[in-house]
Amino acid sequence: MVRFIQTSDWQIGMKGGGLGEAGPIVREIRIESIHNVLKSAQEQKVDFVLLCGDIFEHNMISQEDVKKVVTIFNQYPDIPIYLLPGNHDMLGADCVYNRPIFQRVNHLTILRTSDSVKVTDAILHPCPVLSRFTTQDLTGTIPVVREVDGIHIGVAHGSLVGKSPVPTWEDVDLPIDPACIDRTGIDYLALGHWHSHTTFEDSTGIARIAYSGTHEQTKYDEDNAGHCLLIQIDGKGDAPKIVPIKTGQLTWVSREFEMKDSSSLIELEKYFESIKGIDMVRLVLYGELLLESKEELDNLLEFQTTVHKNSRVELDSLNITVPPSLEAPPDFGDPILNQTEIHLEQLLANEIDPRERRIIIEALAHLQRLGKEVEV
Amino acid sequence: MKVHWVELENWRQHAKTRIDFDEDTTVIYGPNETGKSTVLEALSRGLFDKSNTHAEAIKRIKPLTASGAITSTVRIEFTLNKTSYRVEKNFNLRNGTSLYKIVGEEPILLDQDDSADGQLIQLLEADLPSTRGSKPSQWGAFHWLWAPQENRELPTDKEGDPTAALHLETKDGGGVLVTPKFRAVQHFVQIYHAQYFTKTGKTSKDSLILSTEEEIQTLQHGSVELRDKIKKVDAEKQQLEELQRQLPILETKVIETKEELKKARSEAIDFSSVESELKASEAGVREAGRDVEDAKKALIELEKSAEKIERHQRKEKETRENLSRLEALCEQLEGRQQEIKEKVEEKAMKIRECEELTRDARILWTKSDAEAKTGVLEKKIKRIKLLDDKIEGLREKEVPITPTNKEVENLIQSQTRIEALKESLTARGLAVNVTPGEKGSLEVEVDGERLKDGKLTATGTERVSVGAPGLGKVTVKAKLEQAHDAKVDILHLEESIQGTLSKYAVNSIAELKELSQTQNEISNSIKELVAERRGADERSINEITLELKKFKEKYEEYKKIKRIPNAIKLNPTNVDLGKLVNKREKEEVEARAVLDKARTERDEVDKELIEKKEELAEIRAEQKHLSKDLDDARTQEREIIRQYGSVEFQEKKLGSAEANLEKRSEDCEKIKQRYEELEKGPIYRIKRLEQQIENQEQVIQQQRTSIDQLKGGIGAASLGGAYSDLAENESRIEILSERLEKEQIHAESYKLLKEALEQQYHSALSAVVGPIQEEVKRSLSYVTGFLHADVELNEYLFPTRLGERGFEDISLEFNDGSSGLKEVLALCVRLAVAKHLSGRDSQCLVLDDPFVHVSSDRSNKMIEVINEAIKEYGLQVIVFTHRQMEFAGLTGRMVDIQSVK
């Protein structure tokens with residue numbers, strides 16, 4: 001029997017694009033979450049941990065980040081770690097794993113070649129990425145082991161051809177043939193590259209192929225991320241038991257919210273209350289809102305930035321409206337102020353560029369605010 | 001406002017002046033410096049300045065003739081908003097303001113001093129000035145309406161906003177166009193705007209926008225550099241991969257080439273024997289060559305030796321001949337030397353003889369000369385003694401002083417004058433000579449002077465004609481002064497004569513004359529004797545006696561000298577001894593010259609002889625060397641012959657060696673041809689393959705080196721962590737860009753709001769400014785004969801552009817207009833402003849020479865426009881000018897300033 005933790009795509013050092021001020025936070029949390037993976041391994045008393053590629057975002061990563069990871073590795077010296085370089089941390093002259101610091105981690109083995117590696121009660125067949133682009137099946141180096149004793153585990157980093165979202169060989173940079181299991185007779189194929197945890201069945205309907213996904217969600221709308229997998233294979237030919245273990249610390253939510261009228265503000269507030277424990281919030285507001293309510297909305301959104309680690313509210317789809325002057329002519333007690341308001345409203349009515357509309361809306365908001373607040 | 005009258009007291013040239021103004025127009029005229037502008041100054045100070053102003057300009061309003069401080073006073077009566085006021089202001093010595101309200105005809109005191117100043121300013125809607133004096137920009141609406149010399153130009157935007165002063169914000173009916181609320185909101189918007197923008201609309205350096213943009217730019221630059229680093233590493237990786245891909249191919253190629261070489265070697269025939277044969281043949285050729293060289297060398301040696309001997313022999317012969325020649329010459333020179341020596345001795349003897357004769361002749365001459373001189377000197381002494389005695393005798397006869405001829409002459413004349421004067425006195429006290437003149441005229445002289453109309457003159461005489469058949473009674477009148485003068489003159493003259501006579505101790509003029517004559521004679525004699533004495537000898541007798549003594553001693557000395565017999569024989573004593581001396585001296589000189597010549601010749605011969613002897617010795621030594629060399633050369637020749645044999649022998653040897661060489665060379669050539677044929681084939685191939693292997697291995701080595709270098713470089717670059725830095729940069733850029741966008745939106749919203757407020761404000765204002773602008777256009781168009789029908793005023797009512805009709809949209813900037821046009825336009829603006837303000841109250845326009853540059857046709861039209869304004873809205877116009885006739889068209893009063901002072 002063999003038990004191991006499968007994980008991949010840590011992408012330590014990633015930029016965190018689109019996260020704004022939360023980018024640095026996310027980067028640090030991804031490093032911290034490595035503890036969750038290795039702790040899980042410790043708790044589950046696994047035989048080894050298998051890293052299926054893209055542990056680092058790039059080979060030209062800072063030595064500081066490298067040291068942080070190695071420091072964590074060193075805190076779990078009893079757990080053997082087998083690491084397959086991916087396409088981000090690809091083998092080559094600049095490979096990050098060439099740095100001497102990795103040579104000194106005794107319980108870490110870098111799988112640089114396709115030579116089989118004997119591990120506790122199993123044999124690993126690594127398929128390292130040697131080139132960013134290839135049309136050859138990466139698992140092509142795995143030998144036929146149907147008649148060979150032992151539990152055989154393939155390790156690769158790429159995209160399963162024919163499986164969503166990549167339909168054909170031509171569209172794939174790092175293709176993996178899903179028929180690998182049938183062709184070679186290996187018991188399990190551990191994959192990295194996709195960030196969401198997914199399993200695939202072989203021709204007999206047994207789930208023998210799995211992506212662990214990234215250990216910490218990397219962006220909004222990334223489903224099923226933030227896990228590692230506990231794999232247990234009892235014996236040669238047995239169906240692997242695949243159990244996802246949550247390792248991600250950050251909670252994410254992304255949704256659209258419709259604004260209909262001023263009561264929508266109250267609903268929005270309630271909604272925010274309901275997600276106050278969420279770390280990363282992205283909201284797309286759409287619909288309509290009266291200009292007079294804009295200030296209240298701005299105040300609410302400003303407050304939300306203090307509640308979550310990242311709070312991004314997109315307002316481009318939200319139409320700020322002003323009532324027609326005929327219905328509610330402005331009255332600031334000064335004719336020029338009134339005329340100014342009418343002039344700005346007319347500008348807004350004729351403007352379609354979102355950025356320009358925002359400017360006009362803000363100008364109107366300032367005018368309304370000052371018109372109400374200023375006393376003589 | 002209407003100004004009724006003004007009074008000035010102690011104000012520059014106005015001791016006390018009052019001017020009453022017409023309701024409509026008043027033209028105050030007068031020449032320059034009559035105080036017109038002073039009245040205007042007093043009007044403006046009286047209304048706008050504080051009475052306790054202490055500016056220098058205020059101090060200068062005191063009368064020019066005043067000494068010390070003096071109070072200057074101005075009083076003005078005016079009506080404002082239907083209420084009449086009077087203000088009195090005192091400046092300088094005693095200052096103070098009094099403001100009265102006129103009720104009925106009585107002035108009721110409203111206020112005084114500072115408070116009165118303040119109240120008045122408030123009534124006028126102007127600004128309260130400082131104690132340094134007011135400026136036109138503080139006069140409120142009067143800044144446009146009153147145009148003294150210092151305010152001839154229209155107010156510009158730099159002098160403040162006219163909106164309040166001209167009530168531009170007031171709509172018809174008195175409603176307020178712009179409320180304080182608008183001002184307050186605008187103020188806040190400007191504050192927010194100023195946080196982002198400068199006054200010129202550029203982004204403020206202090207705003208977050210600029211600093212954020214700069215930071216983003218810096219980060220972007222950094223990102224570009226980092227990306228370039230990463231790209232470079234990628235490129236190097238590709239290069240490395242390519243090299244790594246090529247390396248095994250190259251290695252395989254080397255192995256293949258080596259296989260080929262092995263095969264070629266096994267296929268090549270054994271050509272070593274041909275090679276050996278060729279080497280041996282070449283050695284044989286070399287040996288034959290050496291024999292030839294040896295033979296040639298031997299022949300050369302033999303030849304050299306023979307030449308050497310011949311050379312030595314030739315040289316020896318020459319030396320011998322030289323030697324003989326020199327010996328003969330030396331012998332000849334020795335003979336000559338002896339002859340000259342004898343000749344020199346002979347000449348030396350001759351010299352001695354000449355010297356003796358010369359010395360003897362000199363002795364004779366010297367003795368004779370001394371004797372002669374002695375005689376001369378003795379005679380001289382005798383003569384000189386005689387002369388000295390004579391002179392002594394004459395000097396004894398001299399008197400200390402001698403009367404000059406002039407003195408004597410003067411005395412005689414004086415005496416004669418005395419006699420004449422006495423004669424005249426004797427006659428009557430006057431000397432009158434009456435002489436019948438020509439034609440019955442009568443000449444009358446008095447004391448030698450002729451009468452002239454009864455008056456005596458100092459010079460000349462006057463002819464007095466008396467016509468009578470005979471001489472009648474002649475009455476002559478003369479002044480007695482002559483007589484008096486004559487006596488006095490006589491006295492003086494006698495005194496003078498006596499004085500002179502006393503001086504020379506004589507009793508009479510005759511004695512004096514004689515004395516003079518005698519003394520003159522003595523003096524002349526002395527002069528002659530002294531001259532003769534000098535001519536004899538200027539020295540004293542003692543000096544001459546001393547000389548005489550010397551000559552005598554000399555004579556005695558020479559007399560003692562004994563003469564040699566030869567000299568006695570050859571030097572006669574009865575000849576001219578001087579000539580004898582010369583002769584002998586000359587002979588001596590000639591003899592010396594001959595001796596010198598002989599000696600010179602002797603020295604030359606000696607020198608030549610020495611040289612030749614030295615030369616002779618050298619040649620003898622050389623001859624010795626040459627003999628030795630010849631012997632050596634002969635010995636050497638024998639040795640060479642022993643070594644090489646004879647020349648014939650060597651020639652024969654050379655011939656055979658050359659023949660041998662030729663044969664061996666032919667044989668060698670044949671063997672070589674055979675060898676080369678072999679080399680082109682398989683040998684060449686082997687060599688080519690060997691070279692190829694060498695090149696390939698070199699390339700592989702270079703490839704490996706490049707691979708190592710690239711690996712090292714890539715590894716080092718990877719360690720740099722460029723990606724992490726890039727990720728951090730880009731993350732930061734994203735954050736900053738979001739912030740920047742927010743700030744920019746915020747800033748632009750305030751900018752938009754500010755502009756919108758200003759736009760609406762100006763739009764509202766244009767409702768008021770528009771009519772003013774139209775009014776200006778109308779009047780300007782009329783005055784310029786429709787040449788300028790369009791004008792643009794800015795919000796400060798300052799003309800910015802003029803349109804010119806008749807041209808294609810060519811408009812003039814205001815400053816491009818002529819001075820006359822500017823004056824006309826300025827007045828049009830003032831009138832339009834007055835019209836605008838007339839809705840609130842009637843206005844008063846004050847102008848100081850407004851038409852300095854305006855042509856008469858336009859100024860006439862301007863007068864029409866002014867009259868129209870007066871009629872239409874009750875405008876009051878006060879004009880100060882020195883050209884009265886220009887304003888004759890204005891209705892109202894004409895005031896001659898000089899008449900009211």
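This is a predicted model: local features need pLDDT of at least 70, side-chain atom pairs count only at pLDDT 80 or more; totals for chains, interfaces and linings use all residues.
## Pockets, cavities and a helix face

Me: Which residues lie nearest the centre of the largest pocket?

Reply: Both chains turn up here. H6, E17, E18 and H8 of chain A, along with helix H16 (722–783) of chain B, each give two or more residues to the lining of the largest pocket. Nearest its centre are Asp298(A), Leu301(A), Leu315(A), Arg358(A) and Lys742(B).

Me: How many residues in the lining of the largest pocket are charged?

Reply: Sort the lining of the largest pocket by class and you get twelve nonpolar and eight polar residues. The charged ones in that lining number 18.

Me: H6 of chain A came up there. Which residues of H6(A) are buried?

Reply: Helix H6 covers residues 294–304 of chain A. Buried here means under 20% relative accessible area. In H6(A), that picks out Lys294(A), Leu297(A), Leu300(A), Leu301(A) and Gln304(A).

Me: Why do the buried residues of H6(A) line one face of the helix?

Reply: In general, an α-helix has 3.6 residues a turn, so residues three or four places apart point the same way. On the other side of H6(A) you'll find Glu302(A) and Phe303(A), which are exposed. Look down the axis of H6(A): its buried residues line one face because they fall within an arc of 125°.

Me: What do the buried residues of H6(A) pack against?

Reply: Their partners are both helices and strands of chain A. The helices are H5 (263–274) and H8 (354–373). The strands are E16 (280–290), E17 (310–314) and E18 (318–321).

Me: Now for the cavities. Which helix gives the most to the lining of the largest cavity?

Reply: A search of the whole structure turns up two cavities of 30 Å³ or more, and the largest has a volume of about 50 Å³. H16, helix H17 (819–837) and helix H18 (856–873) of chain B each supply at least two residues of its lining. The top contributor, with five residues, is H18(B).

Me: How many charged residues are in the lining of the largest cavity?

Reply: Among the residues lining the largest cavity are Glu775(B), Arg778(B), Leu831(B) and Lys835(B). By class, this lining has four nonpolar residues and no polar ones. Its charged residues come to five.

Me: And which residues line the second largest cavity?

Reply: The second largest cavity has a volume of about 30 Å³. Its lining splits into one nonpolar, four polar and three charged residues. They are His58(A), Asn59(A), Asn87(A), His88(A), Met90(A), Asp94(A), Arg132(A) and Lys237(B).

Me: Let's turn to chain B. What share of its contacts with a separation of 6 or more comes from residues 24 or more positions apart?

Reply: Chain B has 19 helices and 19 strands, and of its 901 residues, 39% count as buried. Among contacts in chain B with a separation of 6 or more, the share from residues 24 or more positions apart is 71%.

Definitions and conventions: Residues are numbered from 1 along each chain as its sequence is written. Chains are lettered from A and ligands numbered from 1 in the order in which they are written. Side-chain values use heavy atoms; hydrogens and water are left out. Buried means under 20% relative accessible area, exposed over 50%, partly exposed in between (1.4 Å probe, protein chains only). Helices (H or I, at least four residues) and strands (E, at least two) are DSSP runs, numbered from the N terminus. The arc is that of the directions from the helix axis to the C-beta atoms. Contact means heavy atoms within 4.5 Å. On a 1 Å grid over the protein atoms alone, a cavity is a set of points where a 1.4 Å probe fits but cannot get out, and a pocket is an open set with protein on both sides within 12 Å along at least five of seven lines; lining residues have an atom within 4 Å of a point. Ala, Val, Leu, Ile, Met, Phe, Trp, Tyr, Cys and Pro count as nonpolar, Asp, Glu, Lys and Arg as charged, and the others, Gly among them, as polar. Grid points are joined across faces, edges and corners, and a volume is the space filled by probe spheres set on the points.
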